[in-house]
Structures are given as structure tokens and as C-alpha cells.
Amino acid sequence: MSDVTRAGDEVRRARYAVAAVFAVHGAVTGSFATRVPWVQDHTSLGAGQLGFALAFTALGASCAMPLAGGITHRFGSRAALRGLLALWTLSLILPSVAPNLVTLCLAMFVYGASAGMADVAMNALGVEVERRLGKSIMSGLHGMWSAGALIGSAAGTLAAHLGADARVHFALASAVLTLLGLVFCTWVLDLQPAEDEEPPPRFALPPRSALLIGAVGFCAVFAEGASLDWSAVFLRDRLDSSAGLAAASTTGFMLTMAVARIAGDAVVNRFGAVRTVRAGGVLAGLGGLLVVLAGHPLVAMAGFALMGLGIAVVVPLCFAAAGHAGPNPSQAIAGVATITYTSGLIAPSLIGGVAQATSLMVSFVVVTALACGLAVCAGVLRTAERGGGEVSRRAAAVPDPRP
């Protein structure tokens, strides 16, 4: 077997392995989300206290994500991902054993920190696999994350329906997902730093390129967070829909995003990142306009579905662009991830604040404006197209010399 064939087989295995890792990561999130009411009851917290504790998830992620590059540099990409993913899957247990507000805040900080570090490590590996293949795969990887989240939430819904104690549910889910993660990490790329490569700083401000790319991700994640957390409330309070129909709107939004991400790579490979995001911004803007003007629940549901379709591939493409933007992909990806996590943190509360001061319709005018901003700012992702095009010209003929 030639070196080119062996290298190609290794990259293909690594692609499937990192896709499975994304699914495992998403399954943890989906498992936890379904049992938040149990955690609230177990800790006897009010809605405001619960929201305060959940904010520590994003805080922990933002604080810890800059550490991922140093960990990867010291231990290599495979060992780093194996350890960080196991830390993430095991941290699922912590919220279920927290007895009060203080301990739940600490648990959510660790939960968010481990999620963020694993997130950076797996996205950096995904970018490297994409570089070696010479075509877009990041949208599909994030689609696998969404699929994993849906599977985890389905299992959690069943556990909640059966009245299972979340401590037992999370312990079992954590054990299964940890085992799966360790197995899948066996086949990811094992990248080692060059002998003369300087380790990245423990904490560093994101490079300027990451800030610009992160601004695009900010708009997409803001629209995503607002739609996930407020779509059901919008249908119930503004359009007087039933609880079941309101919940179906959120589920439909999630399904639309998952399907669009899985299918998104074909679109990106055909039209490029910039044109894809511009078209997505137009779709998301039209969806937001439908939501704002909706006089019937079905119109609003169609608007949320269009918004999900429009923003689905934006964050994966932001990570890909960050990975191609400079010599240190982990640092750039960590910068973009920090900005997007911040957007996800502030979106729900900002939407609520605007709705309190004005109306929920005005809140979604803000969301629509940010969604339209994707079409205007898509050009900053051109770095990923340049990097991807260069790789496409070389990849078929030259195997990557690194292990």
C-alpha cells in the first residue's frame, strides 16, 4: 500500500472518529438540558437563582477555553482530546449531586469549563481533517453534534417520563458516553508539536482575525439562543398557541438546524463559505421578518424554521475560518468560541430585558437585524475559502508529512 493511500485512509478514519466525538459532546448537552427541572427541584431554587447558576456554564467555558491550546501542545492532540472529552462526559454527574445554589454554581462552572476545552480541542482537530481532505466538513461535524444532542435529549425525556432520579440517569449516561468517547478518540489524528515550536501562552487575547470572525459567529449564536429559549414563549404569549404547539416550534427549529448542518458541507463545497453565509443571512432575515409580522402560529413556526436553516452552518464555518486564519488554530478557535459562548450567554437575558421594556415583537426585531448582519459581514470568512482552495489543489497528490 502506498504512502498516499495509507495517509488517505488515516484521514478518512479520523473524519469519522471526530464526527463521533462531536456526537458524544452533543449528547452530554442534550442529556443535561432535559433534566434541568429535576435539578431545580432538587436544589429548591427559584427561576432567578437557577438562571444565575446556569450562567456559570458560559463563565466556566469562557475562562477555560484559552487553556486548551496549551494542553494540546503539551500532550498532543489525541491524548488531549481523550482527557478533555472524558472530563466533559464525567462532569455531567456534578449538577445532579449539588444540594444548593453555591454548589450548583461550582458544578456548572466545572461543567462549562470542561465543555469549552473539549469543544476547542475537537474543533481544532476537525479543522485539521478538513485541511487534509481539501473540502468542507465542519458543517457536517456540527450537524453530528446536533444529532447527538437530539439523541441525548430523547433519552433524557424518556428518563424524565419514567420518573428516574437524575443522579442515576446522569451516572449511567456519563459512563456510556465516557466509554464511547475513549473508543472514538483512538482514531482521531495524533498531532504533535514540532521540537522547536514554542508553547502557546496560558492566556492570550484572541488575534484580530478571530475577533472579526467571532463577530459573525456572535450574530448567528445570538439568533440561535434567542430562538431556542424564546420561540415557545413567543408562540404562547403573543399568538395564544397551545403549549404543545409552542414546544413543537422549538423542536422544529432544532431539527431544521441539525438537518441543515449535516447537508451544509455540500452547499459550502459548491458555493463557498462567503456566499453560503450571505444566503443564510438572507434566509434568516426573512425568517425573522415572518416571526415579527406573524399573525398565526404556523407563520411564526415557518419563520423560526427559516431562521434555523439560515444560521445553521455559520458557526461551523466561523471555526473553520479561524482555524485557517493563522499559525495557531487552537488559539484562534478559542477566541471565536469565547465570543460565541458570550453571545449565547447574553442573548436570552437581553431578549427578556427588551421584551420587558417594550414587547417580545421588538426583541425579535433586534434578532432579525443581527441575522441580516450575517449577509453584510460574511466577507470576513474569505480566509477559510483561501485556505480551503489551497488545500484542494494539493491534497490529492501530496500526503501530509506529520503523524
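Here is a short exchange on how terms are applied to this predicted model.

Reader: Why is serine 44 called exposed?

Author: Its relative accessibility is 64%. The cut-off for exposed is over 50%. Serine 44 therefore counts as exposed. Serine 44 sits in the loop between α2 (36-43) and α3 (47-64).

Reader: What makes the phi of serine 44 worth a remark?

Author: Phi of serine 44 is near 55°, a positive value, and the residue is not a glycine. Most residues other than glycine have a negative phi.

Reader: Is aspartate 240 buried or exposed?

Author: Aspartate 240 has 68% relative accessibility. Exposed means over 50%. So aspartate 240 counts as exposed.

Reader: What is the phi of glycine 163?

Author: Glycine 163 takes a positive phi of about 75°.

Reader: What span should helix α13 have?

Author: Helix α13 (residues 297-311) has 15 residues. At 1.5 Å a residue, they should span 21 Å. The end C-alpha atoms are 21 Å apart, so the two values agree.

Reader: Which residues of α13 are buried?

Author: Among them are Pro297, Ala300, Met301, Gly303 and Phe304. Met307, Gly308, Gly310 and Ile311 are buried too. The buried residues of α13 pack against α10, α11, α12, α14 (314-324) and α16 (360-377).

Reader: Why is threonine 340 called buried?

Author: Threonine 340 has 7% relative accessibility. Buried means under 20%. Threonine 340 therefore counts as buried. Threonine 340 lies in helix α15 (residues 329-357).

Reader: What does threonine 340 contact beyond its neighbours within four places in sequence?

Author: Threonine 340 is in contact with Gly217, Phe218 and Val221. Threonine 340 and phenylalanine 218 are 122 residues apart in sequence. In space they are 5.0 Å apart, C-alpha to C-alpha.

Reader: What makes aspartate 9 and arginine 12 a salt bridge?

Author: Their side chains meet at 2.5 Å, N to O. The cut-off is within 4 Å. The pair therefore counts as a salt bridge. Both residues are in helix α1 (residues 3-34). They are three residues apart, so about one helical turn separates them.

Reader: Why are aspartate 9 and arginine 12 called partly exposed?

Author: Aspartate 9 is at 23% relative accessibility. Arginine 12 has a relative accessible area of 42%. Buried is under 20% and exposed is over 50%, with partly exposed in between. So aspartate 9 and arginine 12 are both partly exposed.

Reader: How do you know that glutamate 128 and arginine 131 form a salt bridge?

Author: The N to O distance is 2.9 Å. The limit is within 4 Å, so the pair qualifies. Both residues lie in helix α7 (residues 101-133), three residues apart. Glu128, Arg131 and Arg132 are linked in a network of salt bridges.

Reader: How many salt bridges does the count come to?

Author: Six. One of them joins the side chains of aspartate 237 and arginine 236, at 2.8 Å, N to O. Aspartate 237 is partly exposed, at 46% relative accessibility. Arginine 236 is partly exposed as well, with a relative accessible area of 47%.

Reader: Which residues touch the most other members of the largest nonpolar core?

Author: Phe234 and Phe364 do, in a core of 109 residues. The largest share of this core, 15 residues, comes from α7. Phenylalanine 364 touches residues including Trp230, Phe234 and Phe304.

Reader: Which residues form the nonpolar patch on the surface?

Author: Val282, Leu283, Leu286, Leu289, Leu293 and Leu309 form the patch. Together they have about 520 Å² of accessible area. Helix α12 (residues 273-293) gives the most, with five residues.

Definitions and conventions: Residues are numbered from 1 along each chain as its sequence is written. This is a predicted model: local features need pLDDT of at least 70, side-chain atom pairs count only at pLDDT 80 or more; totals for chains, interfaces and linings use all residues. Side-chain values use heavy atoms; hydrogens and water are left out. Patches are made of residues with over 30% relative accessible area and no salt bridge: like charges are joined within 9 Å, nonpolar side chains (Val, Leu, Ile, Met, Phe, Trp, Tyr) within 5 Å. Accessible areas come from the Shrake-Rupley method with a 1.4 Å probe; for residues, only the protein chains shown count as cover. Helices (H or I, at least four residues) and strands (E, at least two) are DSSP runs, numbered from the N terminus. Buried means under 20% relative accessible area, exposed over 50%, partly exposed in between (1.4 Å probe, protein chains only). A nonpolar core is a set of buried Ala, Val, Leu, Ile, Met, Phe, Trp, Tyr and Cys residues joined through side-chain atoms within 4.5 Å. Contact means heavy atoms within 4.5 Å. The expected span of a helix is 1.5 Å times one less than its number of residues.
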